[in-house]
Amino acid sequence: MSHAISWFEIPVTNYKRAKEFYNTVLEIEIKDSPMPEGNYGMFPYDDDNNGVGGGLVEMPGYSPSAEGVTVYLNGGNDLSTPLEKIITAGGKIVMPKTDIGENGFMAQFIDTEGNKIALHSWN
């Protein structure tokens, strides 16, 4: 086992809005993967090398939350870049860029759906 996590899912109430938020903040393209039960979109990941991946999910039984498990997304080369986009994309920063010593930097935000999510970068 090379990673403690193999997949994550972020529950959303408005798939289109959430997809636009994450595409904007992380400068990525979430790939639509419709399911019979609802909407699903996958974050980019390296499937060929068993990379960690995840998705946005809008389906019955999935409820956004600012409490519980915190998922840390890759903040890129400098955490300041995605943080600058969170407010204008409709989110709220709840912990600014914070130095965590030899482990780089972290921050936390509330997305457009009410989920508390964290970002990590080395700069």
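**Ground rules**

I am working with a predicted model, where local features need pLDDT of at least 70, side-chain atom pairs count only at pLDDT 80 or more, and totals for chains, interfaces and linings use all residues. Residues are numbered from 1 along each chain as its sequence is written, and side-chain values use heavy atoms, with hydrogens and water left out.

**Entry 1: the sheet with β1**

I looked up the strand order first. An open sheet of 4 strands runs β1-β4-β3-β2, with mixed pairing. Helices (H or I, at least four residues) and strands (E, at least two) are DSSP runs, numbered from the N terminus. Two strands count as paired if DSSP finds at least two bridges between them. β1 and β2 are the edge strands, each pairing on one side only.

I then checked β2 against β3 (residues 39–42). The two run antiparallel and are joined by 2 bridges. Aspartate 32 has glycine 41 in β3 as its bridge partner.

Next I looked for the helix. α1 lies across β1, β2, β3 and β4 (53–58), and runs at about 150° to β4. Here I took axes as lines fitted to C-alpha atoms, for helices over the stretch in contact, with angles from 0 to 180 degrees between N-to-C directions. Contact means heavy atoms within 4.5 Å.

**Entry 2: the sheet with β5**

I found an open sheet of 4 strands in the order β5-β8-β7-β6, again listed with mixed pairing. Its edge strands are β5 and β6, each with pairing on one side only. Neighbouring strands of this sheet are turned by 25° against each other on average, direction ignored.

β5 and β8 pair in the parallel sense over 4 bridges. Leucine 73 stands opposite leucine 119 in β8. α1 packs on this sheet too, touching β5, β7 and β8, and its direction makes about 50° with that of β5.

I followed the antiparallel pair as well. Strand β6 (residues 92–99) is joined to strand β7 (residues 105–110) by 5 bridges. Lysine 92 has isoleucine 110 as its bridge partner in β7. The hairpin of these strands has 5 residues between them, and glycine 101 there takes a positive phi near 65°.

**Entry 3: the largest pocket**

I asked how much volume the largest pocket has. The value is about 570 Å³. The search used a 1 Å grid over the protein atoms alone; a pocket is an open set of points where a 1.4 Å probe fits, with protein on both sides within 12 Å along at least five of seven lines, and lining residues have an atom within 4 Å of a point. Grid points are joined across faces, edges and corners, and the volume is the space filled by probe spheres set on the points.

The lining holds 24 residues, and Leu26, Tyr72, Leu73, Asn74 and Gly75 lie nearest the centre. β1 (7–11), α1 (15–26), β5 (71–74) and α2 (80–86) each give two or more residues to this lining. β5 gives the most, with 4 residues.

By class I noted 15 nonpolar, 7 polar and 2 charged residues. Ala, Val, Leu, Ile, Met, Phe, Trp, Tyr, Cys and Pro count as nonpolar, Asp, Glu, Lys and Arg as charged, and the others, Gly among them, as polar.

**Entry 4: the second largest pocket**

The second largest pocket has a volume of about 200 Å³. Among its lining residues are Glu9, Ile10, Pro11, Ser65, Asn115 and Lys116. β1 and β8 (116–121) each give two or more residues. β1 gives the most, with 3 residues. The class count for this lining is 5 nonpolar, 3 polar and 3 charged.

**Entry 5: single residues**

I returned to serine 65, in the loop between β4 and β5. At 33% relative accessibility, serine 65 is partly exposed. The scale sets buried under 20% relative accessible area, exposed over 50% and partly exposed in between (1.4 Å probe, protein chains only). Serine 65 touches Gly114, Asn115 and Lys116, not counting residues up to four places away in sequence.

I checked serine 6 in the segment before β1. Serine 6 counts as exposed because its relative accessibility is 57%. Serine 6 and glycine 54 are 48 residues apart in sequence but 8.2 Å apart in space, C-alpha to C-alpha.

Last, I looked at glutamate 27, in the loop between α1 and β2 (31–32). Its phi is near 55°, a positive value in a residue other than glycine. Glutamate 27 is exposed, at 57% relative accessible area.
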